[in-house]
Amino acid sequence: PAGKRDYAILVLLAQHGLRAREAACLRISDLDFDAPSLLLRERKGGITQRVPLSRRAKEALEDYLSVRPVFGREEIFLTAQAPIHPLGIRLWSVAWRHLEKCFGPSLPGHGSYVLRHSFAKALLDRGARLSDIGTLLGHRSLSSTLTYTRIATEDLREVAANYADFL
């Protein structure tokens, strides 16, 4: 169950750009596997938003829920050992632990934010508009989303350095 839980967490963070707090607060009733979508109640700034659920996230959540311990509360993600209780904000450490295994201790910040920035960068690389990226990330203002444009600036610097002789 812990492995299936961790996989579901990582897929949600990576494919939906969720903050750890947003994933930690998800309830079973927030999931609509028929649509498929999920309701994000705990977005920053008090925003509630229904977002499409990727096929991989849907499958990972269904797989985890099939082995999730029986528990009297609705939070999806639970601790793996007794006493069972909601994982809560410690969910960020799940992402951190798995990313550290893959990449070593060199990653900055919390694992959940590395995945969030990677999600935004992937959208930016595919030509998504900043306003659309901001909507998916739950930002109220474009200035919050502009943080992710620094990634593109660094990419441009690398291109300029590698191809300066051709210019």
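This chat walks through a predicted model, from its strands to its helices and an aromatic pair.

User: What should I know before I start?
Analyst: This is a predicted model: local features need pLDDT of at least 70, side-chain atom pairs count only at pLDDT 80 or more, and totals for chains, interfaces and linings use all residues. Residues are numbered from 1 along each chain as its sequence is written, and side-chain values use heavy atoms, with hydrogens and water left out.

User: Strands, then. In what sense do S1 and S2 pair?
Analyst: Antiparallel, over two bridges. S1 covers residues 31-32 and S2 covers residues 37-40. Strands here are DSSP runs (E, at least two residues), and helices are runs of H or I with at least four; both are numbered from the N terminus. Two strands pair if DSSP finds at least two bridges between them.

User: How many residues sit between S1 and S2 in the hairpin?
Analyst: Four. Leucine 31 stands opposite leucine 38 in S2.

User: And which residue in S3 is the bridge partner of serine 37?
Analyst: Proline 52. S2 and S3 (residues 49-52) pair in the antiparallel sense over four bridges.

User: Are the faces of S2 buried or exposed?
Analyst: Both faces are covered. Ser37 and Leu39 are buried on one side, Leu38 and Leu40 on the other. Buried means under 20% relative accessible area, exposed over 50%, and partly exposed in between (1.4 Å probe, protein chains only).

User: Switching to helices. At what angle do H1 and H4 pack?
Analyst: About 90 degrees, with their axes 10 Å apart. Axes are lines fitted to C-alpha atoms, for helices over the stretch in contact, and angles run from 0 to 180 degrees between N-to-C directions. H1 and H4 are therefore roughly perpendicular (65 to 115 degrees).

User: Which residues meet there?
Analyst: Arg5, Asp6, Ile9, Leu10 and Leu13 in H1 meet Leu91, Val94, Ala95, Arg97 and His98 in H4. Contact means heavy atoms within 4.5 Å.

User: How many aromatic pairs?
Analyst: One. Tyrosine 64 and phenylalanine 77 are stacked, 5.8 Å centre to centre with 20 degrees between the planes. Rings of Phe, Tyr and Trp (its six-membered ring) pair if their centres lie within 6.5 Å; planes under 30 degrees apart count as stacked, over 60 as edge-to-face and the rest as tilted.

User: What does the pair tie together?
Analyst: Tyrosine 64 lies in H3 and phenylalanine 77 in the loop between H3 and H4, so the pair ties together parts that are 13 residues apart in sequence. Tyrosine 64 is buried at 2%, and phenylalanine 77 is buried at 1%.

User: What follows H5?
Analyst: Glycine 127, whose phi is positive, near 90 degrees.

Conventions: Angles under 35 degrees count as roughly parallel, over 145 as roughly antiparallel, 65 to 115 as roughly perpendicular and the rest as oblique.
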